[in-house]
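Reader: Could you take me through this model feature by feature, giving the general idea where there is one and then the case at hand?

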Amino acid sequence: MTKATPLPSREILHARLRYDAESGLLYWKPRDRSTFTNGGAATQARAFGTWAARYANRPAFNAVCSTSGYKVGRLQGRNWLAHRIIWKLVFGEDPPQIDHINGRRDDNRIINLRAVDQSLNQRNRRPRKDSRSGIVGVYLVPSTGHYQANIRVDNRTIYLGTHTDLDAAIAARRSAEERYGYLSHNHRKAEGAR
């Protein structure tokens, strides 16, 4: 796994952005005219006026990536994930990975974010869109019509049995999630469907 590009400094982030922890939204702070240094005085004045009219005090990092569902934005000539920028603003550090606890990738309230390693982040993943069961770790075996359950722990797959009905397979998966300390979307998904 490659190391992520370091985020802009906390000082730069605080100078440019305001974070509303209650809503999870970022806003552009008004900028001083002296921060516009490209071109001559007239070009700088025009750039400052355009930026102030278009961005000052307006939402920042509000675009949603079509492939990942995360909020993104541009700063210092690079695209950044909003939740990583927020973490650095609040805690002053570049996190290894950020987990959205409730599974909603556009919910960047600080109470919904936690720094995790890759292993823990994988434990909180959503079911694949093509999942026939709708539950992570529960799979329909087409040849038998039964459901197989498994769970990954410490880079190994633990077989939880083959079950004749979906409810039994879900129960086996839930029990294993509790035993191995998973925080999973399976519970909300299964309960909402019933």
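Author: Let us begin with a single side chain in this predicted model. Leu-17 touches Leu-26, Tyr-27, Trp-28, Lys-29, Ala-60, Phe-61, Ile-85 and Leu-89, where residues up to four places away in sequence are left out of the count.

Reader: To which nonpolar core does Leu-17 belong, and which residues have the most contacts inside it?

Author: Leu-17 is part of the largest nonpolar core, which has 20 residues, and it stands with Leu-26, Trp-28, Phe-61, Ile-85 and Leu-89 among those with the most contacts inside that core. Strand S1 (17-20), strand S2 (25-28) and helix H3 each supply at least two of the core residues, and H3 gives the most, namely five. Apart from this core lies another, of 13 residues, including Val-138, Tyr-147, Ile-158 and Tyr-182.

Reader: What is the strand order in the open sheet of three strands, and why is one side of S4 and of S6 left without a neighbour?

Author: The order is S4-S5-S6, with antiparallel pairing. Strand S5 (residues 71-75) pairs with S6 over four bridges in the antiparallel sense, and Arg-74 has Asn-79 in S6 as its bridge partner. Helix H3 (residues 82-91) packs on this sheet, where it touches S5 and S6, and its direction makes about 80 degrees with that of S6.

Reader: How should I read the side chains along a strand such as S7?

Author: In a regular strand the side chains alternate between the two faces of the sheet. In strand S7 (residues 97-100), Gln-97 and Asp-99 point one way while Ile-98 and His-100 point the other way, and all are buried. S7 pairs with strand S8 (residues 113-116) in the antiparallel sense over four bridges, and the bridge partner of His-100 in S8 is Leu-113.

Reader: And for a helix, which residues of H5 are buried, and why do they lie on the same side?

Author: An α-helix has 3.6 residues a turn, so residues three or four places apart point the same way. Helix H5 (residues 166-180) has 15 residues and reaches 21 Å from its first C-alpha to its last, close to the 21 Å expected at 1.5 Å a residue. Its buried residues include Ala-169, Ile-170, Ala-172, Arg-173, Ala-176 and Glu-177. These residues cover an arc of only 160 degrees around the axis, and therefore lie on the same side of H5. The face turned away from the buried side of H5 carries the exposed residues Glu-178 and Arg-179.

Conventions
Residues are numbered from 1 along each chain as its sequence is written. This is a predicted model: local features need pLDDT of at least 70, side-chain atom pairs count only at pLDDT 80 or more; totals for chains, interfaces and linings use all residues. Side-chain values use heavy atoms; hydrogens and water are left out. Two strands pair if DSSP finds at least two bridges between them. Contact means heavy atoms within 4.5 Å. Axes are lines fitted to C-alpha atoms, for helices over the stretch in contact, and angles run from 0 to 180 degrees between N-to-C directions. A nonpolar core is a set of buried Ala, Val, Leu, Ile, Met, Phe, Trp, Tyr and Cys residues joined through side-chain atoms within 4.5 Å. Buried means under 20% relative accessible area, exposed over 50%, partly exposed in between (1.4 Å probe, protein chains only). The expected span of a helix is 1.5 Å times one less than its number of residues. The arc is that of the directions from the helix axis to the C-beta atoms.
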